Structure formats: structure tokens, C-alpha cells
Amino acid sequence: MGYRKAPDNHNKLIVDEETAWIIKRIFEYANAGMGSHKIASSLRKEQVPCPSWWQYTRGEKDYSQRFSDPTNKYEWSHTVIRGIIGNPVYLGHTIMCKHETVFKVGLLKKTPDADRIRVDNTHEPLVSQEIFDNANAKILSRKREDTSGNVSIFSGLIKCGTCGKAMSQRYWGRDRHRIFVCNTYAKNTQRCTDHRIFYDDLYDAVLADIQYHAQLAYEDRDKAVALAIRMNDKAEGSRAKSSEGKLKQARKRYDEVTRMFDRLYEDSLSGRISNDNFTRLVDKYQAEQAQLLEQIDALERAMQEVRDTRQNAVQWADLMAEYAGIQELTAENLNLLVERIEVFDRAATDDGVEQTIRICYRFGGYIGERCFKVKAMKHGGHRRKGVDNEKALLVS
Ligand SMILES: [Zn+2]
């Protein structure tokens, strides 16, 4: 929004006069100190069409279902506003991902920014650096944590990666760090291990993962779809791929057996086969038919799964793309995007402690794991926040 691709060069952005004013207005509002919720409600009141409506009306995306309700035309969400305010594309810069796929598990000392290339001044800016910085400073100064006290935005989403039970929030140590602990372990320390994870580490890692995948989906929908399909394939093994051939074979064999059955009856009627042999062969063919039917059923289900996976992947990519530029996690956006977050045990390494989480996205399923580093700490010790290598690391 605010730009469109140049007709003669699809890699070049030109100002879209029809929508650029909306972007400028959003930045003006943010500069005036309005929060993202307030900006969204103002645009609704002013009846400014939202970004997905522009995409729909220009035939870029099929949102026909959403816009069958005409009031949705002005349905701005605060997340979209935040995405716009944080997006350096409006300064005239282009952000590209350096790697094809960036989320393989492992640990490299690399900051997320190192995986991105920013190319400055690739197109005409819509806002000045000053307006951009000011808008972002104002938005970011708002609190990231839920103000409703004890209720965590992660409530109901965090599961122990070992036993599958929920993890619940505790306060740990002298400094009362907010942590999550496996519920099984909390009841009986013999049954599981504590899986403790710091709220801040979890927050940073989940936000980084969503940011990465949202940006990917926004920049290259096909790549995001392919990624989701590939990960689902991996999770199920390559079983689905060979299903089509096997299904054909099973159906062919089933027809053969049916024909042999028919012939068997003819042989029996004409007396060419003894009663004993007839009964034995009937049993044999019946058993094979039953087995083939079972096999055909299973293969058809596998084929349907492949089709569903594809559809889910597309849905996932479309949903994620709307969160490009996301700056903050809320109970609302987390529950919309994430099915569950599995937390694995901390593991000590030579220079600290690392931990892996697995985020299962809605529609997308299990897309990858994220490994990040946390500082080893002794009971009652201090944990400095904001140290670079403690932060979630995007790994290639
Ligand atoms: Zn557990």
C-alpha cells in the first residue's frame, strides 16, 4: 500500500497516488501521539478503505468473501497500522532476505538483521526520516506487556515439548523473573523436567519468528506457501508423494480381483471347479478385496491431506502476510496466528545456555524450530536483559 510496481519494471516501486495519502495520514497521526488502536478507529470513522480492500478491488487478492460485507471495506486493525509505521519501505528503502530459507535449526552467532539486506533509496520515500523515527518511537514507547496483571498473552498456548502438558507462569528467584514451567513437573518433579523459559526470551523468540515468516509471506507468497508445504511433508514423511501411484495400483488390483471372482462363479456353476477349491478361493479373494479396500481408503485420505495441506499453506501465507512489520505481540494476534508453542529443555553449551521452541501456526502447522540463546544463571543470580547474544537468533 502506498506504492505499486512500475509497469515497465516489476522490481521497482513507484508512488501509488491513490493510496499514498493514506500512508502519510497514518504517519501524521502517529506523530501526533495517537496509538495504533486510535488511528485504526479514526480511519474507520473517516471511511478510509483498508489495504486488503485495495488489493481486492485491484484484483491482486481474492477477498470476495470478506468484502461481501461492505462494512469490512473500512475495517482497519491496529496491527496493520503498526505494520505500516514500522515498515522502512516508506523511507524509500528495500528490505530483502539474504537467504532462501532462514530457519534451519542450529545456532550461529548472527543477529536477525544480518540475514536481511537493506538497500537504501531504491524508490521515492513517502515520509521523512524524522517523521518515521518519531512515529516509531511513540508507538514503541507503549508497553509491550499485558497490563492486566497476571494474565499472560501466552495463556493457553505454551506446551511442554516433552510431555505435552501446559506450562504455567511462575515468578522465579530473588528478582522474581517471570518464567513458565511444565505443569507435570510442578506437580511431580520425577515425571518431567522443568523446561523453564523466561517470559522475555519467549516473547522475543516468538515475535522474531512471526516477523520473519510474515515478511517472507508478504514479499514472496509462493515461497512461503512452498515452505509450509515442504515442512508439512517433512513432518509426515514423504508418504503422501508416492500415494498417487500406489492408489492407481491398488484400484487396478481391486478390479482384477473382482473379475477373478466373477470367473470363479462361472467356473463353479459349470462344474469346472470343486466345491472345496471354490470355498478356498472365495475366502482368499475376499480377504484380498477387504485388504485392498482398506488400502485404497488410506491412500485416498493421504491424497486429501496433500490437497488440504496445499490449501492450508495458502491460507497461512495470506494470513501471515497481513502481519508483515508486526512490532508487538498481543493475546489477540497470538491467538489468531499461533496454535501452540512447544518449549524444549534448556541445554548448556560452552558459552551459555540455549533453548529451542517450536511454533505451530494456525493453518500452517509446524513450520520450523527456533533456537535461541539464554544466559546460564545460578539460583538467585542476575540476568542482564538486552545483551545481544541472549536474544533470539535467526539461524540460517
Ligand atoms: Zn513436561
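**Entry 1: confidence**

I began with the confidence of the model, and I noted that the chain averages a pLDDT of 81, with 84% of the residues scoring at least 70; pLDDT is the predictor's confidence in each residue, from 0 to 100. I reminded myself that this is a predicted model, in which local features need pLDDT of at least 70, side-chain atom pairs count only at pLDDT 80 or more, and totals for chains, interfaces and linings use all residues. I also wrote down that residues are numbered from 1 along each chain as its sequence is written.

I then looked up where confidence is lowest, and found strand β3 (residues 94–97) at a mean of 69, while it is highest in strand β5 (residues 158–160), at 94. Helices (H or I, at least four residues) and strands (E, at least two) are DSSP runs, numbered from the N terminus.

Over residues 143–150 the pLDDT stays under 50, and the model gives this stretch 5 contacts beyond four places in sequence. Residues 378–396 also have a pLDDT below 50, and I found 44 contacts for them beyond near neighbours in sequence; two residues are in contact if their C-beta atoms, placed from the backbone, lie within 7 Å. I keep in mind that where pLDDT is low, the predicted coordinates should not be read in detail.

**Entry 2: helix α1**

I checked the length of helix α1 (residues 20–31): at 1.5 Å a residue its 12 residues should span 16 Å, and the end C-alpha atoms are 17 Å apart, which agrees. The expected span is 1.5 Å times one less than the number of residues.

Which residues of α1 are buried? I listed I22, I23, I26, F27, Y29 and A30, where buried means that 20 or more other C-beta atoms lie within 10 Å of the residue's own, exposed means 12 or fewer, and partly exposed is in between, with C-beta atoms placed from the backbone. Seen down the axis of α1, these buried residues fall within an arc of 160°, so they line one face of the helix; the arc is that of the directions from the helix axis to the C-beta atoms. Just after α1, I noted that G33 takes a positive phi of about 95°.

**Entry 3: strands**

I turned to strand pairing, for which DSSP must find at least two bridges between two strands. Strand β1 (residues 3–6) and strand β2 (residues 9–15) pair in the antiparallel sense over 4 bridges, Y3 stands opposite V15 in β2, and a hairpin of 2 residues joins β1 to β2.

I counted 6 bridges between β6 and strand β7 (residues 177–182), and R170 stands opposite I179 in β7.

With β5, strand β9 (residues 338–343) pairs in the parallel sense over 3 bridges, and C160 has V343 in β9 as its bridge partner. On the other hand, β9 and strand β11 (residues 352–361) run antiparallel, joined by 5 bridges.

**Entry 4: two loop residues**

Last, I looked up Q47, which has a positive phi near 55° although it is not glycine, and which lies in the loop between α2 (36–45) and α3 (51–57). Q47 is exposed, with 8 other C-beta atoms within 10 Å.
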